[in-house]
Amino acid sequence: MTRTVYVNGEYLPETEAKVSIFDRGFLMADAVYEVTSVLDGKLIDFEGHAVRLKRSLDELQMAEPCSKDELLEIHRKLVELNGITEGLVYLQVTRGSDGDRDFVFPSADTKPTLVLFTQNKPGLADNPAAKKGAKIISIEDIRWGRRDIKTVQLLYPSMGKMMAKAAGCDDAWMIEDGYVTEGTSNNAYIVKNGKIITRPLSNDILHGITRKAVLRMAAEAQMEVEERLFTIDEAKEADEAFTTSASAFVMPVVEIDGVALGDGTPGPIATRLREIYLDESLKAAI
Ligand code: PDD
């Protein structure tokens with residue numbers, strides 16, 4: 001089935017959607033994005049994604065393409081037009097194009113490019129991978145220094161994912177100065193003696209929308225949380241580990257660099273947090 005996508009004010013069949021070859025998103029990765037999950041035909045934490053999008057745009061002095069209400073309407077319309085019950089809405093804003101290539105930003109009145117499309121993912125909530133748990137490898141984090149801005153510079157994370165696949169694993173965690181930063185497309189956590197440990201927010205990691213919700217829900221469930229740096233060696237000795245993201249929610253990690261965590265199956269805290277997250281998020285979905 002041909003998807004209906006959104007490009008700069010128009011809803012079009014995906015085969016007819018076009019963006020200029022001079023678009024700065026294409027030429028310079030001068031673009032930011034958001035991925036919002038859809039469960040039961042409803043958007044999970046739209047507000048959080050809209051707020052982070054505004055922050056990313058502000059950090060790059062990029063104009064807002066439209067209001068938050070208009071964004072919500074576009075998300076909802078695409079979900080409806082494409083009949084999405086479980087899946088994702090991908091949104092990208094670029095600095096647009098003034099018709100040539102130049103390192104200097106185009107004038108402030110250049111219109112940003114706004115593109116959205118849906119991805120149909122039946123079984124997203126009841127994902128069998130979550131029951132098995134993920135195997136990860138560790139790789140050096142060689143990304144730029146503003147990972148808190150959700151830009152489309154995803155070549156290294158994509159390479160990391162391929163390195164993981166080549167090693168027979170599912171994903172990679174990145175290491176900087178000996179400490180775990182985050183996964184290729186998720187935030188990273190370990191659990192030791194019942195305590196959830198995760199890297200504090202800074203420019204070094206993306207400020208995950210799922211992370212924020214999960215940490216709040218963990219606290220509400222009287223789970224102990226400590227935001228501090230941890231090394232990959234500490235992770236290998238953890239009782240359990242997991243990642244969070246809008247595309248996989250809470251995903252248990254069962255192996256790091258070939259070392260099994262606990263008994264090599266998803267741990268109780270990750271499993272419980274996944275249940276709580278799905279349950280609570282569905283109740284608040286719009
Ligand atoms: N990725 N860290 C990185 C590097 C990410 O790319 C993501 C999300 C996260 C988790 O953020 P959130 O909880 O807001 O999804 C952390 C999305 C899902 C993606 O690129 O597809």
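Predicted model: local features only at pLDDT ≥ 70, side-chain atom pairs only at ≥ 80, totals over all residues.
**Stop 1**

Several elements give two or more residues to the shell around it: strand 3 (31–39), helix 2 (46–59), strand 9 (179–183), helix 6 (209–220) and strand 13. Now show the residues around the ligand. There are 20 of them, and the closest are Tyr-33, Arg-52, Glu-182, Thr-210 and Ala-246.

Start with Glu-182: a polar atom of its side chain is 2.6 Å from a nitrogen atom of the ligand. Move to Thr-210, where a polar side-chain atom lies 2.6 Å from a ligand oxygen. Then pick Ile-209. Here a polar backbone atom is 2.8 Å from an oxygen atom of the ligand. How much of the ligand's own accessible area does the protein cover? The protein covers 90% of the 470 Å² that the ligand has on its own.

**Stop 2: Ser-245**

Ser-245 touches Thr-210, along with Ser-185 and Asn-186, leaving out residues up to four places away in sequence. Ser-245 lies in strand 13, which spans residues 240–245. Is Ser-245 buried or exposed? Ser-245 is buried, because its relative accessible area is 9% and the cut-off for buried is under 20%. Follow its side chain to Ala-248. The side chain of Ser-245 reaches the backbone nitrogen there at 3.0 Å.

**Stop 3: Ser-56**

Go back to helix 2 and pick Ser-56, which has its place there. Ser-56 counts as buried, because its relative accessibility is 1%. Display its contacts beyond four places in sequence: Val-32, Ile-149 and Lys-150. Zoom in on Lys-150. Its backbone nitrogen is reached by the side chain of Ser-56 at 3.3 Å.

**Stop 4: Thr-198**

Finish at Thr-198, found in strand 11 (residues 195–198). Thr-198 is buried too, with a relative accessible area of 2%. Thr-198 and Ala-188 are 10 residues apart in sequence, and their C-alpha atoms are 6.4 Å apart in space. Which atom of Ala-188 lies 2.7 Å from a polar atom of the Thr-198 side chain? It is the backbone oxygen of Ala-188.

Now widen the view. Leaving aside neighbours within four places in sequence, Thr-198 is in contact with Ala-188, Tyr-189, Arg-211, Leu-215, Glu-226, Glu-227, Arg-228 and Phe-230.

Notes. Residues numbered from 1 in each chain as written. Heavy atoms only, no water. Helix = DSSP H or I, 4+ residues; strand = E, 2+ residues; numbered from the N terminus. Buried < 20%, exposed > 50% of the residue type's maximum accessible area, 1.4 Å probe, protein only. Polar contact = N/O pair within 3.5 Å; in protein donor to acceptor, adjacent residues only side chain to side chain. Contact = heavy atoms within 4.5 Å. Near = heavy atom within 4 Å. Areas by Shrake-Rupley, 256 points an atom, 1.4 Å probe, with all protein chains shown as cover.
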